[in-house]
Structures are given as structure tokens and as C-alpha cells.
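Subject: Handover of a structure for your review

Dear colleague,

Please find below the structure that I am handing over to you.

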Amino acid sequence: VTDLHRDSIDHLTIPSVRAGHPPLRRVSEVFDCWFESGAMPYAQLHYPFKNQKDFDDRFPADFIAEGIDQTRGWFYTLLVISTALFKKAPFKNLIANGLVLASDGQKMSKRKKNYPDPMEIVNKYGADALRLYLVNSPVVRAENLRFKEEGVRDILKDVFLPWYNAYRFLIQNIQRINQEESMTFTFNEETATSTNVMDRWIMSFTQSLLAFVRREMEAYRAGQTQA
């Protein structure tokens, strides 16, 4: 057999090794190709044939994450199979990201070359600028993003450079204190106190921000923490 397409193999049969059984042939019914992915929670552990405890400990999963285009693919088959077998979803939370499109709103295409080279973007603006541009975009809220190089540039200009300048200001003043006062500056969060109203506001705001991020991340609302 050199061709495995249906029209070349449908007439073939294989004798059954079980006495009295008809010969084997290709069945006409074929599962949707996403069925195997939907069976992942069970197939990866060879459940129900073994690993009962491991399965019980992991099912349902705390969360799954994929692109919004998997609504009719992986998400759907996961739900269908799990609902049929266990009457419940195979995950507690679902994080869906949107799609990154070309600047004109079309799908990015290797043939059309309608997007900039990712490595050129990284080399020009830095990986952190690209990362922050994406996590601060509609993509984290399962919406589509029209990728624009100018957006990455603006993140570098409006966010990272001010951050870096503030950091340099801090370091320069620490070095000045060390030289003028002949002392070594050491920050201790446990004993850090100040009567300056701006210092107290900064410390209070920082703690409020940390509490907010923890609360949102624990609830799997990653998009809220990027605002």
C-alpha cells in the first residue's frame, strides 16, 4: 500500500485473528479531530485503567488557557466529553486570550508579510516592552489586537524610560548619601517608616496595589491587573 487515502484503502480487508469474526476494514465513521484533545484529562493518565488517585486529585483542573478561537475546538470537546462522563466541566476557570492581527485587521500571514519581524521588534525596543504592550492590550480580555509597532515604541517611551529614570534617581541619591554620610544604605521593609506624607502615600498605595493584584489573580481575572 503506497496511498493511504480512502479511495485507495476502502476495499482492503485484514483477516481477524479472532476465530469466527469477520475481516477488519476501515470504519466509515470518523471522530472529530478535536476529540483526542478533549480527552486529554483522562488520556494523559491512562484513566480509568490506572492512576485513579492522580486523576481524582487533578480533576477538574484549576484552569485552562487558550485562544478564543478554541471556543468551538478544544473548549467545546473538553466540555462535551466531561459533561457526558461526569456531568460537570473539566476545569474550574477558563482564561481565553484574543488574537493578534496585523495592523490592517487581517490575519498575520507569512505569505503576505503583513507584520514586522518579531526579533527586529525585540532587538529595537526590548522584550519587556513587547511583553508589556501585549499584556496591556485587549488580547488579555479575549479581544483581538491590531498589532502596531508604534504601540511597542510608546510603551518604551511612556513607561520604561520614566521607570528607569526614577530608578536612576534613587540609585544616584543612595550613592550620594553613602559618600556624604559615610554610611551604607540598606532598605528594611520591616522597619521602614517615614513621617513624610508623600512617602506614606507611596507605601500605602503600594500595599493596596499588591492586595488588588493578588485578589484579581486568585480570581483568574488577569486582564484587570493590567489596567
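An axis, as the word is used here, is a line fitted to C-alpha atoms, for a helix over the stretch in contact, and angles between N-to-C directions run from 0 to 180 degrees. Please keep in mind that this is a predicted model.

Helix packing

Two packed helices are described by the angle between their axes and the distance between the axes. Helix 6, covering residues 118-125, and helix 8, covering residues 149-181, have axes that come within 11 Å and cross at roughly 20 degrees. Angles under 35 degrees count as roughly parallel, and helix 6 and helix 8 are therefore roughly parallel to each other. Their crossing is right-handed. On the side of helix 6, the residues in contact are Ile-121, Lys-124 and Tyr-125; they meet Glu-149, Val-152, Arg-153 and Leu-156 in helix 8. By class, this contact between helix 6 and helix 8 holds four nonpolar residues, three charged residues and no polar ones.

Helix 8 also packs against helix 7 (residues 127-135), here at an angle of about 110 degrees and with the axes 9 Å apart. That angle makes helix 7 roughly perpendicular to helix 8. From helix 7, Asp-128, Ala-129, Leu-130, Leu-132 and Tyr-133 take part, and they meet Gly-151, Val-152, Ile-155, Leu-156, Val-159, Phe-160 and Trp-163 in helix 8. The contact of helix 7 with helix 8 comprises 10 nonpolar residues, one polar residue and one charged residue.

Salt bridges

Side chains of opposite charge can pair when their charged atoms come close. The whole structure contains 10 salt bridges. One of them joins Arg-26 and Asp-10, with the closest N and O atoms 2.7 Å apart. Both Arg-26 and Asp-10 are in the loop between helix 1 (6-9) and helix 2 (35-38), and the two are 16 residues apart.

Backbone features

Most residues other than glycine have a negative phi, and most peptide bonds are trans. The bond from Tyr-47 to Pro-48, however, is cis, with omega near 15 degrees. Pro-48 is placed in the loop between helix 3 (40-43) and helix 4 (52-58). The loop between helix 3 and helix 4 also holds His-46, whose phi is positive, near 55 degrees. A cis peptide bond also joins Phe-59 and Pro-60, with omega about -5 degrees; Pro-60 is in the loop between helix 4 and strand 1 (64-67).

Annotation

An unreviewed UniProt entry lists residues 3-145 as "domain: Aminoacyl-tRNA synthetase class Ia". In the model, the end C-alpha atoms of that span lie 43 Å apart, and the span is 34% helix and 8% strand.

With kind regards

Methods: Residues numbered from 1 in each chain as written. Predicted model: local features only at pLDDT ≥ 70, side-chain atom pairs only at ≥ 80, totals over all residues. Heavy atoms only, no water. Helix = DSSP H or I, 4+ residues; strand = E, 2+ residues; numbered from the N terminus. Parallel < 35°, antiparallel > 145°, perpendicular 65-115°, else oblique. Left-handed = near helix turned anticlockwise from the far one by under 90°. Contact = heavy atoms within 4.5 Å. Nonpolar A, V, L, I, M, F, W, Y, C, P; charged D, E, K, R; others polar. UniProt positions renumbered as here; feature names shortened; annotations may be inferred. Salt bridge = Lys/Arg side-chain N within 4 Å of Asp/Glu carboxyl O.
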